[in-house]
Amino acid sequence: DWIPRRPPGRYQIKVAYATALGQPWTASDSSDASFTLAAGPSITFPNGGEGLVRGGPVNITWTLGAPVSGGFFRLWIISPGNVWREVGTVAALPGCTSYSLHWTPPNVSGSFTLDLAYGRVLGQWTASDTSDARFTIGVKPKNVIVMISDGCGYNQMLAADYYETGQ
């Protein structure tokens, strides 16, 4: 199996043969036409900077540059200590380019990255993406009142939520 490690675009393949390493090529061939290498999966949420609530359901979302005819996606969250926790597996559907997985974050607090892998066969991953930055899983939000004052008699009260990370 060939796993392309190139950016999306149009390519041609050239194959050459030599009788030994360092010897001149004795035969070669190139593909008759160029082919398109489509973009792999791309995580859209959470992709970094988000605050998620422990036990609060979210939809993890991702896209593909071009539809695939089948296969599987597997997702993991990774803690700063490089502990991997499987999030779930989703079947790739023919013709689809947008996917989601309904997920309930675990009862842990901290910052995490998300890893997504695609393969035609489970466990044989051929394309992947990792969130651009860490996201936070924290406890349920607490309501607070914020007082804004300009020191000259102008006051405004606003309701706001904040998340505790439990660290």
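What you're looking at is a predicted model, where local features need pLDDT of at least 70, side-chain atom pairs count only at pLDDT 80 or more, and totals for chains, interfaces and linings use all residues. Numbering starts from 1 along each chain as its sequence is written, and side-chain values use heavy atoms, with hydrogens and water left out.

On secondary structure, the chain has 0 helices and 15 strands. Both kinds of element are DSSP runs numbered from the N terminus: helices are H or I with at least four residues, strands are E with at least two. Buried residues make up 29% of the 167 residues; buried means under 20% relative accessible area, exposed means over 50%, and partly exposed is in between (1.4 Å probe, protein chains only). The chain exposes about 10500 Å², and carbon and sulfur atoms supply 53% of that. Those areas come from the Shrake-Rupley method with a 1.4 Å probe, and for residues only the protein chains shown count as cover.

Now for a sheet. Strands β5, β7 and β10 form an open one, in the order β5-β7-β10, with antiparallel pairing. Two strands pair if DSSP finds at least two bridges between them. β5 (41-45) and β10 sit at the edges with a single partner strand each, so one side of each has no neighbour in the sheet. From one strand to the next, the twist averages 25°, using axes fitted as lines to C-alpha atoms (for helices, over the stretch in contact) and angles from 0 to 180 degrees between N-to-C directions. The antiparallel β5 and β7 are joined by 4 bridges, and Pro 41 stands opposite Leu 64 in β7.

Also in β7 is Ile 60, which counts as buried because its relative accessibility is 0%. Leaving out residues up to four places away in sequence, Ile 60 touches a list of residues including Phe 45, Leu 75, Tyr 99, Leu 101 and Leu 114.

On to the rings: there are 7 aromatic pairs. Rings of Phe, Tyr and Trp (its six-membered ring) pair if their centres lie within 6.5 Å; planes under 30 degrees apart count as stacked, over 60 as edge-to-face and the rest as tilted. Two of the pairs are set out here.

| Pair | Centre to centre | Angle between planes | Type |
|---|---|---|---|
| Trp 62 and Tyr 99 | 5.9 Å | 10° | stacked |
| Phe 112 and Phe 135 | 6.3 Å | 35° | tilted |

Trp 62 in strand β7 (residues 58-64) and Tyr 99 in strand β10 (residues 98-103) are 37 residues apart, and both are buried. Phe 112 in strand β11 (residues 110-119) and Phe 135 in strand β13 (residues 135-138) are 23 residues apart, and both of these are buried too. Trp 62 and Tyr 99 also belong to one aromatic cluster with Phe 73 and Tyr 118.

How many salt bridges does a search of the whole structure find? There is 1, given a cut-off that puts a side-chain nitrogen of Lys or Arg within 4 Å of a carboxyl oxygen of Asp or Glu. Arg 74 and Glu 86 form a salt bridge, with their closest N and O atoms 3.5 Å apart. That pair links distant parts of the chain, with Arg 74 in strand β8 (residues 72-78) and Glu 86 in strand β9 (residues 84-91), 12 residues apart.

How values were computed. Contact = heavy atoms within 4.5 Å.
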